[in-house]
Amino acid sequence: MLQRLTAETIASASIAIALLVLALKALAWWMTGSIALFSDAMESLVNIGGAIMAWFAVRYANRPADAGHPFGHHKAEYFSAVLEGIMIIVAALLILHEAIEALRAPAPLVWSPVGLLVNAGAMVVNLLWAQVLIARGGALASPALSAGGRHLMSDVWTSAGVLCGLGLALATGWPWLDPLLALLVAVNILREGYRVVASSVGGLMDQAAPPHERAEIAEIIHKTAQGALQVHGLKTRRAGQAVFVEFHMVVAGDMTVRASHAICDRIEEAIRAALPTAEVTIHVEPEHKLEDSGIRPGQ
């Protein structure tokens, strides 16, 4: 069933789930007054903003190419992921401030462990949905969904660490463990925010397709370009769900346009069969000095 969900449907569901998790974590914080649980709730507040941005980005990225955007709107998802990363970093800085203030004057532990159970419930919801986002984000080549999934997994590990630490604080009666945990949470969130921003900026900078995709494309060309003398200058780039492929194909000088075009059609069909969102551009060249690093079809 999940395999049939579109990126837009998943992004819409993420907003509702983020609201549910925030409500649970806010309740846990209200029940305990714990600064560590406050930091956990703050991260969920970021999740809501990120989910809303991802929803808009996915809708915009799915628009067909037009005169103003002939290569499509795929990169909109990268902007969403970058903004989410910035929001994560801002939230981490706010948590750092609160944690440092609380470390200076730790509050006594006078709260019930029931709040921890509520927070644990929120953690389970996040864990299940993070798995969905990571799996479907990868399958749909959606940077916005993948970034959201990685962020939620970071949130899950944060919650797990907070729950273990607060349980220890309750058992030992050491109030300083609460703000110390919040400090560690903030550092972890900063790290995740940097990773989200860095990976998304790579997409905005026309980063090449992943190595496994480049290897797959080269293998397809090797098997389907029979009739051509060589293929060289292979370039790829990822833009959200789309992958752009460009290369030069050398053919015999006396080959007809029709024959060379037939080879191009065969290669394009094979690449799109493996990568349905691929946009392939082939430059056909008459025979000349062959490149040493080029692909020799069938060899």
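The lining of the largest cavity draws most on α5, which gives five residues. This is a predicted model, where local features need pLDDT of at least 70, side-chain atom pairs count only at pLDDT 80 or more, and totals for chains, interfaces and linings use all residues. Residues are numbered from 1 along each chain as its sequence is written, and side-chain values use heavy atoms, with hydrogens and water left out.

Terms, quickly. Helices (H or I, at least four residues) and strands (E, at least two) are DSSP runs, numbered from the N terminus. On a 1 Å grid over the protein atoms alone, a cavity is a set of points where a 1.4 Å probe fits but cannot get out. A pocket is an open set with protein on both sides within 12 Å along at least five of seven lines. Lining residues have an atom within 4 Å of a point.

Back to the cavity. The structure holds one of 30 Å³ or more. The largest has a volume of about 160 Å³, meaning the space filled by probe spheres set on grid points joined across faces, edges and corners. Its lining has 17 residues, with Ser 14, Asn 47, Ala 51, Leu 133 and Gly 148 nearest the centre. α1 (7–32), α2 (35–61), α4 (114–139) and α5 (143–172) each supply at least two.

Now the second largest pocket. About 190 Å³ of space lies there. Ten residues line it, and Arg 237, Phe 244, Val 245, Glu 246 and Thr 281 lie nearest its centre. β1 (230–239), β2 (242–251) and β3 (278–286) each give two or more lining residues.
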